[in-house]
Amino acid sequence: MQSKILQQLYAKYHKEIYLYLFSLCHNRELAEDLMQETFLKALLSLADAHTNVRAWLYLVARNLYFNHQNRERKVTYLEEIEEVLEDVQSDEEMLSADVAGIADIGMEKNGEAEAFTLLVKKTIRNAFIKTGIIVSVVVLAIVCFVIFAVPQIVDCFYYDPGKIAWSSEQYEGRKENQLSLDVATYSELFLPGVYRHTANVIGKGNAEYDVTIEQNMSYTGQFTDVSGTINKGKMILYNPNVLSGKIVGLVSNSFMPAEDKVQDYYSEEINYTKQDSLNALEDNQIYIAYMTLKDVVSFADFSKWDDENEVGANWCAICKKDEMHAEGEPEYCCDSMPLGFRYQDGVPCIGYDGKKYPLLTMCNIEADGEDEYDWEMTDENMKQHVISMLRYMDDQKEFTEMMGKEVDFQAWASNVEKYGLNIYGFVIIGDREEIQRVGEMDEVIRIFTHPME
């Protein structure tokens, strides 16, 4: 029975697992070997329950590749040490031979100096032996320190994207690295339509890392992973538009709240109407639409309106209650760039510290070994979810500095905790017909659209 199931898994997934491994190692034979080992592990673990076999196979393949890389690096270090020791030994032998030659010449010229020459040779030989041993030990110590210790020491002073942020023995040793958890939280807060939660990290020592941030879902059927490097706390991506929001047209005035409702900081003049945006939509194109509400509403009211009208919101923009506003001024305020949360369930489960950050993601794996579970999108749950995301980001100062985000996350968290979630806009993703249907509702006052790339 297990053999039959394995054959089915192999027939269905072996090609894409092989291509995935080849994209990592660029070696056909190694990719083939790692693929075979991946399905061997699958055979040994068929009795365990996996809710997503495809994702699990990818995880096993990725871990096998990283283990192979670590083994190769250690072998290279040891070979370099052996070469240094061989050079030291060779130098010692050459010097000893030179001394012996000099002594032989002296003996031929004067036989009476034989005893003295032998004494000199013995003394020099002993000195060289002692010196060689000392030099070998010192060289070995220096080489080991430079190879193994220095890169690790440098790593401690900078952001480490590969650091294990969470692990569980129950889930086949499943681990979440720091960059995966940081990107998952960051992309939910700041990047509507660009949610990503998986990052592959290969450490090269001296605080330098190769990273690949995977695209986990697609609205157009196309997947594009973004790769780059992190070097001493500075990230360079080959496609920087992904994590800046430009790929989905996100700008400071994507949402344009009514001036008497929300005080924001965009300065560009609005020279188009809601109907202008709707009329510009084309057929056979998927858009991301930023829709501004006429009024600021609570999460409970928004959720009820969304359900009753089948809006299908993907992401919600929130504002803060302005405790210092004067009479006649807007009651709410927001930052220059939108901040919000995903209004969707069914996201992949991510492990994290649930005691310190309750409900940090919409699907949780408890570190104490409990099963994966989703939680209901109630007013209180979503409020706690957003508070945990804000406090988590406040604790990841190295990451937010690397991303160039200057946000007072603690002030936001306190405001949400005190006044709840105040929603002034939302995002939907769909074709022309769907966006026009929602956009023509009276509750929506402004729309900004951008084609999904």
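1. In this predicted model, the charged side chain of R342 is placed over the face of Y195, and its distance from the ring centre is 4.6 Å. A further charge over a ring is that of K405, which lies over the face of F190 at 4.3 Å from the ring centre.

2. F190 also takes part in an aromatic pair with F409, an edge-to-face arrangement in which the centres are 6.1 Å apart and the planes make an angle of 75°. F190 and F409 are both buried.

3. Turning to the aromatic rings as a whole, the structure contains 19 aromatic pairs. One of them is formed by Y159 and F399, whose ring centres are 6.1 Å apart and whose planes stand at 45°, so the pair counts as tilted. Here too distant parts of the chain are linked: Y159 sits in the loop between helix 4 (114–155) and strand 1 (164–168), whereas F399 sits in helix 10 (residues 397–403), and the two are 240 residues apart. Both residues of this pair, Y159 and F399, are buried.

Terms used
Residues numbered from 1 in each chain as written. Predicted model: local features only at pLDDT ≥ 70, side-chain atom pairs only at ≥ 80, totals over all residues. Heavy atoms only, no water. Phe/Tyr/Trp six-rings, centres within 6.5 Å; stacked < 30°, edge-to-face > 60°. Helix = DSSP H or I, 4+ residues; strand = E, 2+ residues; numbered from the N terminus. Buried < 20%, exposed > 50% of the residue type's maximum accessible area, 1.4 Å probe, protein only. Lys NZ or Arg CZ within 6 Å of the ring centre and 35° of its normal.
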